[in-house]
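Here is my note on the two-chain model, point by point. Please read it with the coordinates open.

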Amino acid sequence: MENMKPETGSDCGYKCGMLPMCAPLATSWVPPQGENPPMYTPAEALNRGTLFPGLDLPFMNMVNKTNPYAGTPLGELMALAFMVKELQLYLDTHPDDKDAFKALRDTLALKKEANERYVKLYGPLKIEDLENADRYSWLDGPWPWEYCERMGK
Amino acid sequence: MFSYIKSLEYPVKIRNTNPALAKFIISQYGGPDGELAASLRYLSQRYSLPTPELRGLLTDIGVEELGHFEMVASIIHQLTRDMTPEEIKKAGFDTYFVDHTAGVYPQFASGTPWTAATIGVKGDTITDLTEDMGAEQKARTTYDNILRLSDDPDVNNVIKFLREREVVHFQRFGEALGKTLEKLDQKNVYYMNPSFDK
């Protein structure tokens with residue numbers, strides 16, 4: 001199988017992981033994801049629900065090709081925030097993966113810029129965003145759960 | 001502490017009112033394998049965990065689940081906006097409506113209110129992580145079932161996203177369990193409870 005070939009830090013391909021040769025009875029094991037796994041772009045990751053092609057296991061092959069905010073300033077920010085979240089969970093169980101940590105730092109820098117661009121155009125996403133605001137715009141709509149034709153802008 | 005970000009993790013933008021879908025999707029808000037149960041399970045279990053790595057992982061996944069709780073609420077809110085009494089009766093949403101109108105209440109699809117009886121906090125590292133893996137699988141199955149029942153693409157986009165998160169969380173809990181097992185006495189990993197015995 002194509003995807004069984006070794007391509008990453010794991011010896012058995014990015015869709016598989018290495019289990020211990022010998023493990024105690026009466027224990028359950030999940031193959032750990034190998035280091036330096038292949039990653040989607042931030043926008044693609046948000047559509048798919050994971051940053052990692054190896055973990056992308058859709059039900060009956062139903063996958064999202066896009067999302068309602070794709071190509072908007074909020075969509076760009078959401079994609080970067082999602083990449084940060086995925087790298088954070090990955091690093092929680094792979095804290096020594098230096099490439100993933102570098103990817104986290106780079107993504108955090110991009111997210112900071114995207115956040116600043118969004119706030120300048122559309123208002124605060126967190127209370128700290130009011131630091132240089134001219135009025136208390138925290139209450140301006142829409143709130144995230146509201147249906148809005150222009151949402152994402 | 002927690003602080004609020006005025007944005008969802010994945011966008012919820014549902015064009016058509018459809019209380020018939022809200023009737024069963026509400027289970028992922030306050031049902032037995034829903035997002036509230038997930039969040040409170042992990043955020044409550046983390047206090048007895050023995051390592052910084054485990055405390056970090058359960059905090060980070062528990063916080064994400066709280067965001068999913070808000071996403072499912074957004075689906076319910078948008079599916080029930082501007083609904084008419086005729087639509088409510090036709091959808092069979094009347095039993096919910098009479099108690100909660102168009103409010104979003106954490107309950108099972110069957111009407112039972114959210115209950116902590118559906119979550120486990122055992123205070124044992126292996127037991128709690130094994131429960132968490134089971135919980136992620138149960139939530140995934142629930143999302144699979146929702147995808148079988150819902151024909152609204154605006155809803156299904158969000159459900160597909162949430163379903164995939166269950167797969168990723170299962171992987172991370174499994175990796176955390178493996179790291180825990182490796183540190184224990186390999187002749188008898190059940191010699192003691194790593195959350196309680198030092």
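1. Start with Thr27(A). Apart from neighbours within four places in sequence, Thr27(A) is in contact with Leu181(B) and Val189(B). Two residues are in contact if their C-beta atoms, placed from the backbone, lie within 7 Å. Thr27(A) sits in the segment before H1 of chain A. Helices are DSSP runs of H or I with at least four residues, strands are runs of E with at least two, and both are numbered from the N terminus. Thr27(A) is partly exposed, because 17 other C-beta atoms lie within 10 Å. A residue is buried with 20 or more other C-beta atoms within 10 Å of its own, exposed with 12 or fewer, and partly exposed in between.

2. A word on provenance. This is a predicted model: local features need pLDDT of at least 70, side-chain atom pairs count only at pLDDT 80 or more, and totals for chains, interfaces and linings use all residues. Residues are numbered from 1 along each chain as its sequence is written, while chains are lettered from A and ligands numbered from 1 in the order in which they are written.

3. The interface. On the chain A side, 40 residues are in contact with 46 residues of chain B. Helix H1 (42-48) and helix H2 (73-93) of chain A each supply at least two residues of that side. H2(A) gives the most, with eight residues. By class, the chain A side has 25 nonpolar, ten polar and five charged residues. Here Ala, Val, Leu, Ile, Met, Phe, Trp, Tyr, Cys and Pro count as nonpolar, Asp, Glu, Lys and Arg as charged, and the others, Gly among them, as polar.

4. H2(A) against H8(B). H2(A) packs on helix H8 (residues 153-183) of chain B at an angle of about 15 degrees, with the axes 9 Å apart. H2(A) is therefore roughly parallel to H8(B). Axes are lines fitted to C-alpha atoms, for helices over the stretch in contact, and angles run from 0 to 180 degrees between N-to-C directions. Angles under 35 degrees count as roughly parallel, over 145 as roughly antiparallel, 65 to 115 as roughly perpendicular and the rest as oblique. The crossing of these two helices is left-handed, that is, the near helix is turned anticlockwise from the far one by less than a right angle; clockwise would be right-handed. Leu89(A), Asp92(A) and Thr93(A) meet Val168(B), Arg172(B), Glu175(B), Ala176(B) and Lys179(B).

5. H2(A) against H3(A). The angle between H2(A) and helix H3 (residues 98-122) of chain A is about 155 degrees, and their axes are 9 Å apart. H2(A) is therefore roughly antiparallel to H3(A). The crossing is left-handed. This contact has 19 nonpolar, two polar and three charged residues.

6. The core. The largest nonpolar core has 69 residues. Such a core is a set of buried Ala, Val, Leu, Ile, Met, Phe, Trp, Tyr and Cys residues joined through C-beta atoms within 7 Å. Those with the most contacts inside it are Met78(A), Ile25(B), Val72(B), Ile75(B), Ile76(B) and Val158(B). Setting aside residues up to four places away in sequence, Met78(A) touches Leu46(A), Tyr69(A), Ser7(B) and Pro11(B).

7. Chain B overall. Chain B has eight helices and zero strands. Its C-alpha atoms fill a box of roughly 65 × 35 × 30 Å along the principal axes. Of its 198 residues, 44% are buried. Among its contacts with a separation of 6 or more, 78% join residues 24 or more positions apart.

8. Backbone points to check in chain A. Gly141(A) and Pro142(A) are joined by a cis peptide bond, with omega about -5 degrees. Pro142(A) lies in the segment after H3 of chain A. Asn36(A), not a glycine, has a positive phi near 55 degrees. Met60(A), also not a glycine, has a positive phi of about 50 degrees. Met60(A) is in the loop between H1 and H2 of chain A. Met60(A) is exposed, because 8 other C-beta atoms lie within 10 Å.
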